[in-house]
Amino acid sequence: RLLATRHPENSQLAGLVGEMAVRSQEFRELWAHHDVKEKTFGVKALNHPLVGGLVMAYESFPLPGEQDMVLVTYVPEPGSAAAEKLALLASWSVPELEQDLADGGVALGSADRAEE
């Protein structure tokens, strides 16, 4: 609904809304209520493939001049399980890789370095 309001000229979106309205009484009723709120902050539960669940506060900021783009920040509660998991992920960084990238070069893996 929010995008439909921002882009009333979007024929694909209008077509989708029309199709959904034809197929679903529940959709027609919900669409007619106009209950739309843009939520710009709150708490989200994310699932990282290596460390599992992360519950973090988020806040989104619209980008100037970009109507449909936002910057979303996620911040864990200090001392929380999410903060500990993010610290674990950060500890897995490779200083040599970071330095090579900072220097503009391409880092070689440890096996490649042994062959040098």
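Ser60 is found in strand β2. Helices (H or I, at least four residues) and strands (E, at least two) are DSSP runs, numbered from the N terminus. The model is predicted: local features need pLDDT of at least 70, side-chain atom pairs count only at pLDDT 80 or more, and totals for chains, interfaces and linings use all residues. Residues are numbered from 1 along each chain as its sequence is written, and side-chain values use heavy atoms, with hydrogens and water left out.

Ser60 has a relative accessibility of 14% and therefore counts as buried. Buried means under 20% relative accessible area, exposed means over 50%, and partly exposed lies in between (1.4 Å probe, protein chains only). Residues up to four places away in sequence aside, Ser60 touches Lys39, Thr40, Val70, Leu71 and Val72. Contact here means heavy atoms within 4.5 Å. Val72 is also the bridge partner of Ser60 in β3.

An open sheet of 3 strands has the order β1-β2-β3, and the pairing is antiparallel. Two strands pair if DSSP finds at least two bridges between them. Strands β1 (41-48) and β3 (66-75) stand at the edges. Each has a single partner strand, so one side of each is left without a neighbour in the sheet. Neighbouring strands are turned by 40° against each other on average, direction ignored. Strands of a sheet pair through backbone hydrogen bonds, either parallel or antiparallel.

Both pairings can be followed along the chain. Strand β1 is joined to β2 (residues 52-63) by 8 bridges, and the two run antiparallel. Ala45 stands opposite Val55 in β2. Leu46 stands opposite Leu54 in β2. In a regular strand the side chains alternate between the two faces of the sheet. The strands β1 and β2 form a hairpin, with 3 residues between them. The hairpin of β2 and β3 has 2 residues between the strands. In that hairpin, Gly65 takes a positive phi near 80°.

Axes are lines fitted to C-alpha atoms, for helices over the stretch in contact, and angles run from 0 to 180 degrees between N-to-C directions.

Helices α2 and α3 pack at an angle of about 125°, with their axes 5 Å apart. The two helices are therefore oblique to each other. Angles under 35 degrees count as roughly parallel, over 145 as roughly antiparallel, 65 to 115 as roughly perpendicular and the rest as oblique. The contact is made by Val17, Met20, Ala21, Val22 and Arg23 of α2 and by Gln25, Phe27, Arg28 and Trp31 of α3. Gly18 lies in helix α2. With a relative accessible area of 30%, Gly18 is partly exposed. Gly18 and Arg28 are 10 residues apart in sequence, and their C-alpha atoms are 9.3 Å apart in space.

The ends of α3 were also described. Ser24 caps the N-terminal end of α3 (residues 25-33). A side-chain oxygen of Ser24 lies 3.4 Å from the backbone nitrogen of Glu26. After α3 comes His34, whose phi is positive, near 60°.

A search of the whole structure finds 1 salt bridge. A salt bridge is a side-chain nitrogen of Lys or Arg within 4 Å of a carboxyl oxygen of Asp or Glu. Arg23 forms a salt bridge with Glu19, and the closest N and O atoms are 3.4 Å apart. Both residues lie in helix α2 (residues 11-23), 4 residues apart, about one turn of the helix. Arg23 counts as exposed, at 68% relative accessibility. Glu19 counts as partly exposed, at 40%.

The protein chain has 6 helices and 3 strands. Along the sequence they follow the pattern α-α-α-β-β-β-α-α-α. Of the 116 residues of the chain, 9% count as buried. Among contacts between residues at least 6 apart in sequence, 30% join residues at least 24 apart.

Notes. A polar contact is a pair of N or O atoms within 3.5 Å; within protein, one must be able to donate a hydrogen and the other to accept it, and residues adjacent in sequence count only if both atoms are side-chain atoms.
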